[in-house]
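Here is a short briefing on one chain. Please look over the sequence and the model before reading on.

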Amino acid sequence: MIASKTKRTISEEIKLQIELIPIRDEYALNNNIRKCRYSEQKAGVLKRYSSLLAECPNDYDKQKKLSEERDVRQRKLYDKYTSEGKAAEDDFRNVIFEKRKKRKTDRKDFMIS
């Protein structure tokens, strides 16, 4: 009796294993399909990012060139206004110097007379 139960359980186990084979194969196939789709999506994303990265240096170079041009313009303006400012300051100092000189001579003339 024990031997017949063991035979039945073994035969049932074999039947279950045989029934599970297609399910396991289908699962493995679906898993492989999922992996392939993921790899394709990942490749697409990488391709898109690599094309974007290829475009970035051009934008960076343009921005750098524009920044350098702006710096040159600003330096020119600064030099222009500082040179004009220095000339105006020199003129102002000369005017003050001349007024002081005239005042001294006026005092001397006043003291003498």
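What percentage of the 113 residues in the chain is buried? Buried residues make up 0%, where buried means under 20% relative accessible area, exposed over 50%, and partly exposed in between (1.4 Å probe, protein chains only). This is a predicted model, so local features need pLDDT of at least 70, side-chain atom pairs count only at pLDDT 80 or more, and totals for chains, interfaces and linings use all residues. Residues are numbered from 1 along each chain as its sequence is written, and side-chain values use heavy atoms, with hydrogens and water left out.

**Overall form**
- The chain has a radius of gyration of 47 Å, whereas a compact globule of 113 residues would have one near 13 Å. This radius is taken over C-alpha atoms, and the globule rule is 2.2 Å times the number of residues to the power 0.38.
- The C-alpha trace spans about 155 × 35 × 10 Å along its principal axes.

**Surface**

**Charge**
- There are 29 positive side chains (Lys and Arg) and 20 negative ones (Asp and Glu); His and the chain ends are not counted.
- The centres of the two sets lie 3 Å apart, with each charge placed at NZ of Lys, CZ of Arg, CG of Asp or CD of Glu.

**Salt bridge**
- The count is one salt bridge, defined as a side-chain nitrogen of Lys or Arg within 4 Å of a carboxyl oxygen of Asp or Glu.
- R70 and D71 form this contact through their side chains, at 3.9 Å from N to O.
- R70 is partly exposed at 40% relative accessibility, and D71 is partly exposed at 29%.
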